[in-house]
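Subject: Structure for your review

Dear colleague,

Here is the structure you will be working with. My notes on what was found in it follow below.

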Amino acid sequence: YAILSHRWEAEVSYQEMIKLLKMTERKRDEVRQRDGYQKIIKSCELAMRDGYSWLWVDTCCIDKRNSAELSEAINSMYRWYENSQVCYAYLGDVEEPSLPSQRDNSRFSKSKGWPEWFVRGWTLQELVAPKQLEFFNRNWMYIGNKRRLAPTLEKITRIPANILGQGLASERLSIAQIMSWAAHRQTTRVEDRAYSLMGLFGVSMPMLYGEGEKAFQRLQLEIMQVSNDQSIFAW
């Protein structure tokens, strides 16, 4: 299967997707005009072109009203990206068929001078986990894959090129090193700063939205149960 990585905008939910054919024509047209719907269509076209029968998109493949399903999805997310045959990364604020080689605060003023995909919390695991990751710009022009772009990606993310090319298992990393990759990333919900890191550390824990900063404390406790790396106390 193929899988999509992207920055959320005006998206299509699971409920809207399953009810699409039952909607009034006016409502259906409104949904189809959204950027999120176009991302689904374009991703499906890429998957079909590449010979895949299935595509997974987080916005419309998780019933977020079901707390058990949401918790299972978040705890499984890293593995789903890791096990995909290909991940398509959509950079909705990049116009050129290339990644910027330098910070550009005039173009990316809201995301520290880089495309927004690179400063979001959830996209960190979506960068590291997939074996094959292909980048596309706003107009779905191919930019390149993460192996070929590894030197530029290392400059943007501070993640070593060999990790990007060969995965986490290719090098012995401290907890502090992995934490540092996420230090300047942002999430809409404060709890997601912790939840988005679970897969990178190989741990699981229940979702408790509303717990605030306690989520990060729980993450540290879960990591300490599987690792004696003292560098965790740097965070």
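R107 and E96 form a salt bridge, with their closest N and O atoms 2.7 Å apart; a salt bridge here is a side-chain nitrogen of Lys or Arg within 4 Å of a carboxyl oxygen of Asp or Glu. This is a predicted model, in which local features need pLDDT of at least 70 and side-chain atom pairs count only at pLDDT 80 or more, while totals for chains, interfaces and linings use all residues. Residues are numbered from 1 along each chain as its sequence is written, and side-chain values use heavy atoms, with hydrogens and water left out.

Both R107 and E96 lie in the loop between β3 (86-90) and α6 (123-128), so their bridge ties together parts that are 11 residues apart in sequence. Helices (H or I, at least four residues) and strands (E, at least two) are DSSP runs, numbered from the N terminus. R107 is partly exposed because its relative accessible area is 39%, and E96 is partly exposed at 34%. On this scale buried means under 20% relative accessible area, exposed over 50%, and partly exposed in between (1.4 Å probe, protein chains only). R107 also forms a salt bridge with D104, where the closest N and O atoms are 3.8 Å apart.

The whole structure has 13 salt bridges. Among them is the pair E211 and R218, at 2.6 Å between the closest N and O atoms. E211 is buried, because its relative accessible area is 17%. Elsewhere, salt bridges link E16, K27, E30 and R34 in a network.

Next, the nonpolar interior. A nonpolar core is a set of buried Ala, Val, Leu, Ile, Met, Phe, Trp, Tyr and Cys residues joined through side-chain atoms within 4.5 Å. The largest one has 50 residues, and F135, W181 and L219 touch the most other members. Helix α5 (residues 67-83) gives this core its largest share, 6 residues. Another core, of 18 residues, lies apart from it and includes I40, L46, Y90 and F136.

W181 is in contact (heavy atoms within 4.5 Å) with residues including L124, V128, R158 and I159, leaving aside neighbours within four places in sequence.

F233 is found in the segment after α12 (214-226) and counts as exposed because its relative accessibility is 57%.

Two loop residues remain. T187 sits in the loop between α9 (175-182) and α10 (192-195), and is buried at 18% relative accessibility. The T187 side chain reaches the backbone oxygen of R189 at 2.7 Å. Beyond residues up to four places away in sequence, T187 touches R120, G121, D192 and R193.

E9 lies in the loop between β1 (2-6) and α1 (14-18) and is partly exposed, with a relative accessible area of 38%. The side chains of E9 and K39 are joined by a polar contact of 3.4 Å. A polar contact is a pair of N or O atoms within 3.5 Å; within protein, one must be able to donate a hydrogen and the other to accept it, and residues adjacent in sequence count only if both atoms are side-chain atoms.

Regards
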